[in-house]
Amino acid sequence: HAIEVLDGGVQSTIQDYPGMIGYWFVGVPPCGPMDNYSFRIGNRILGNKEDAPGIEMTLRGGSYRFRTTVSFCLTGADMQATLDGEPISMYQVVHASPMQVLKLKDCKVGMRTYLLVARGFDMPKIMGSSSTFVDGKFGGHNGRTLRTGDVLRLHDNCLVDSIASFPE
């Protein structure tokens, strides 16, 4: 169960909510999604735990190949996403099949888009978080931005029933 990074965009990283907080005293600034509201909405739409890790894409999204059947949701800035060339909507559950490709363009309005998957990405926790701290070179996926060829592990059973709208 994985997603392959075909193009990591400008600066795409793994983040979680609330992120790494409370470590300024050892030189680690708060890490986590910049737009944590949009991030948390995506996890809620999928029925995930609030702290499930996702991808934060800045300015340009890139492209990703699904290696398994997975439910996902995009939130934040609209990067005109397509799944195998077909436009997909923001803020709703989308189901992808193995080998389908998700492509995202540049942001026209806003700056950050979030890719959340059912049950979240399977990432280790450091200092209680799966968020990436790029300057410190730890957290997230290998402590850095995503690169072409990276394979991001998913939890088992990453498929959910469609949810028509944001839960009350």
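Predicted model: local features only at pLDDT ≥ 70, side-chain atom pairs only at ≥ 80, totals over all residues.
Residues are numbered from 1 along each chain as its sequence is written, and side-chain values use heavy atoms, with hydrogens and water left out.

A word on names: helices (H or I, at least four residues) and strands (E, at least two) are DSSP runs, numbered from the N terminus. Strands pair if DSSP finds at least two bridges between them.

E5 and E10 are antiparallel partners, with 5 bridges. On E5 there is also an antiparallel pairing with strand E8 (residues 94-96), through 3 bridges, and there Phe72 has Val94 as its bridge partner.

How many of the residues of E5 are buried? It is 7 of 7, where buried means under 20% relative accessible area, exposed over 50%, and partly exposed in between (1.4 Å probe, protein chains only). Val70, Phe72, Leu74 and Gly76 point one way from the strand, while Ser71, Cys73 and Thr75 point the other way.

That brings me to the core. A nonpolar core here is a set of buried Ala, Val, Leu, Ile, Met, Phe, Trp, Tyr and Cys residues joined through side-chain atoms within 4.5 Å. The largest one has 30 residues, and Ile55, Phe72, Leu74, Leu102 and Phe121 have the most contacts inside it. Two or more residues each come from strand E1 (2-7), E3, E4, E5, E8, E9 and E10. E5 gives the largest share, 3 residues. A second, separate core has 8 residues, including Phe39, Ile45, Tyr114 and Leu116. As background, nonpolar side chains tend to be buried together in soluble globular proteins.

Let's zoom in on Ile55. Contact means heavy atoms within 4.5 Å. Leaving aside neighbours within four places in sequence, Ile55 is in contact with, among others, Ile14, Tyr64, Leu115, Phe121 and Leu152.

Thr58 is in strand E3. This threonine is buried, at 11% relative accessible area. Not counting residues up to four places away in sequence, Thr58 touches Val10, Gln11, Met79, Met111 and Arg112.

Now the helix. In H1 (residues 36-46), the buried residues are Ser38, Phe39, Ile41, Gly42, Asn43, Ile45 and Leu46. What covers them includes strands E2 (11-15), E3 (54-58), E5 (70-76) and E10 (112-117). After H1 comes Gly47, with a positive phi near 80 degrees.

Next, the open sheet: 6 strands in the order E7-E6-E9-E4-E1-E11, with antiparallel pairing. Strand E7 (86-87) and strand E11 (151-153) are at the edges with a single partner strand each, so one side of each has no neighbour in the sheet. Strands E4 (residues 60-66) and E9 (residues 101-106) run antiparallel, joined by 5 bridges, and Arg60 stands opposite Asp106 in E9.

Last stop, the surface. Phe25 sits in the loop between E2 and H1. Is Phe25 buried or exposed? Exposed, with a relative accessible area of 68%. Together with Val26, Ile126 and Met127, Phe25 makes a nonpolar surface patch of about 390 Å². Such patches are made of residues with over 30% relative accessible area and no salt bridge, with like charges joined within 9 Å and nonpolar side chains (Val, Leu, Ile, Met, Phe, Trp, Tyr) within 5 Å. A salt bridge is a side-chain nitrogen of Lys or Arg within 4 Å of a carboxyl oxygen of Asp or Glu, and accessible areas come from the Shrake-Rupley method with a 1.4 Å probe, where for residues only the protein chains shown count as cover.
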